[in-house]
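Reader: Please take a close look at one chain of this model and describe the surfaces through which its parts meet each other and the partner chain.

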Amino acid sequence: MCLAVPGQILEIQGDQPEIRIGRVRFGGIMKDVNLAFVPEAQLGDYVLVHVGFAISRIDEAEASRVFAYLQEIDGDEISG
Amino acid sequence: MKYLDEYRSADSARRLAEQIACITTRLWTIMEVCGGQTHAIVRFGIDELLPPNITLVHGPGCPVCVTPVEIIDKAIEIAALPGVILTSFGDMLRVPGTAEDLLSVKARGGDVRMVYSPMDALALAKAKPDRQVVFFAVGFETTAPANAMAVAEARRQRITNFSMLVSHVLVPPAIEAILSSPDCRVQGFLAAGHVCTIMGSLEYEPLAAKYGVPIVITGFEPLDILDGIRLCVKQLEESRAEVENAYARAVRSEGNRPAQALIADVFRVVHRRWRGIGEIPRSGLALSERYAEFDADLRFGGGSRTVEESSECISGLVLQGLKKPQECPAFGTRCTPEYPLGATMVSSEGACAAYYRYRRFAEPTHV
């Protein structure tokens with residue numbers, strides 16, 4: 001029910017925050033998404049989409065945290 | 001797809017599971033709150049990757065499952081009225097009320113339609129001004145802003161043939177209800193990541209402090225869930241009880257402020273009955289006074305009622321993490337997704353439905 005899918009904003013229509021609509025790509029599928037709740041989202045950003053609304057902009061730096069941790073344990077295993 | 005595929009790497013998942021095994025020295029019971037996480041755990045076999053001293057129990061985070069029978073009965077009554085188009089998310093249409101589900105009303109000629117978004121229901125109302133379009137709104141905090149937007153837009157655009165039957169629920173009061181039960185055996189929580197994208201992490205701080213439990217905000221992909229479990233176990237082993245964010249790519253501590261502002265405008269907090277569990281104080285949302293004219297319950301003359309649930313179904317115990325689905329004598333025999341006895345077999349995200357789909361031929365291991 002709380003399923004939200006990440007997609008990339010390829011186009012933005014409307015300049016007022018409450019009526020901004022983004023054309024968002026999910027793999028091979030394109031959909032119009034309401035951007036009212038992510039006024040900070042820009043063209044090219046990835047957003048999480050739930051029932052037609054973007055609910056969060058994905059933070060790229062934070063997205064790599066678990067992979068940095070995996071690299072760190074790999075390093076420990078090699079050096080240790 | 002970016003931000004999905006890389007979080008499903010089997011090799012990385014195994015390495016995270018090894019790390020969890022390395023740091024685990026005692027028996028721990030951890031609850032994932034969200035039904036989406038339950039589904040992922042059972043689908044990907046994440047619980048089977050964990051060391052045997054960690055038990056995952058499944059929480060009440062499936063809004064379709066916990067919608068009370070009396071509200072489903074009400075939706076069925078409204079759907080059967082002439083001139084009404086009743087809309088909702090797909091899962092809601094198959095949930096059994098006392099005598100039947102919404103799809104049975106459709107089979108008898110009622111106009112019941114599945115929509116992807118509440119805004120689709122609003123567009124339908126605009127396109128059919130001679131019909132009454134009702135959206136049956138269920139969901140947690142994740143879905144509340146979208147539903148709030150549909151009502152706010154109906155008011156702004158003066159779409160008077162649109163209304164909403166609201167049965168929204170809130171996560172923190174449910175966590176508190178589980179923790180305050182004398183039978184509670186949950187020692188740590190994986191909080192539902194998408195609920196927290198909206199509400200942030202701050203409302204969990206008092207719960208972690210009061211009950212001395214770690215609460216780790218967790219995503220939905222296998223690596224997200226394993227990393228959430230790892231951080232939760234680490235806290236338990238170190239006797240810490242903090243709110244930690246393992247889903248920081250999507251969740252900020254303050255949450256989504258524009259979404260919160262709209263929820264606060266359109267809805268008000270109310271006591272709510274949860275199917276299988278009972279009433280939890282201040283655990284639901286209903287339309288605020290300002291939007292009362294869009295309340296389908298008032299428009300179609302509701303009134304409250306209480307309905308007895310199947311006495312054989314143990315979904316209340318499953319939803320509180322006290323029993324596993326296979327411990328129910330009706331599981332997979334008298335109760336299946338086609339003919340569900342209760343809440344947790346109904347939605348694909350209910351624990352019983354997930355076990356039925358992926359585990360019904362497996363021998364029970366942790367009973």
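Author: The domain assignment, which comes from an automatic or database source, divides chain B into domain 1 (1–312) and domain 2 (315–359). This is a predicted model, in which local features need pLDDT of at least 70 and side-chain atom pairs count only at pLDDT 80 or more, while totals for chains, interfaces and linings use all residues. Residues are numbered from 1 along each chain as its sequence is written, and chains are lettered from A and ligands numbered from 1 in the order in which they are written.

The C-alpha centres of domain 1 and domain 2 of chain B are 18 Å apart. Between them, 29 residues of domain 1 of chain B are in contact (C-beta atoms, placed from the backbone, within 7 Å) with 23 residues of domain 2 of chain B. On the domain 1 side, at least two residues each come from H2, strand S2 (54–61) and H4 of chain B; helices (H or I, at least four residues) and strands (E, at least two) are DSSP runs, numbered from the N terminus. H2(B) gives the most to this side, with 6 residues.

Turning to the partner chain, 40 residues of chain B are in contact with 27 residues of chain A. Helices of chain B that each supply at least two residues to the side touching chain A include H2 (35–44), H4 (63–66) and H10 (193–199). H10(B) gives the most there, with 4 residues. That side of chain B divides into 22 nonpolar, 12 polar and 6 charged residues, where Ala, Val, Leu, Ile, Met, Phe, Trp, Tyr, Cys and Pro count as nonpolar, Asp, Glu, Lys and Arg as charged, and the others, Gly among them, as polar.

Notes: Contact = placed C-beta atoms within 7 Å.
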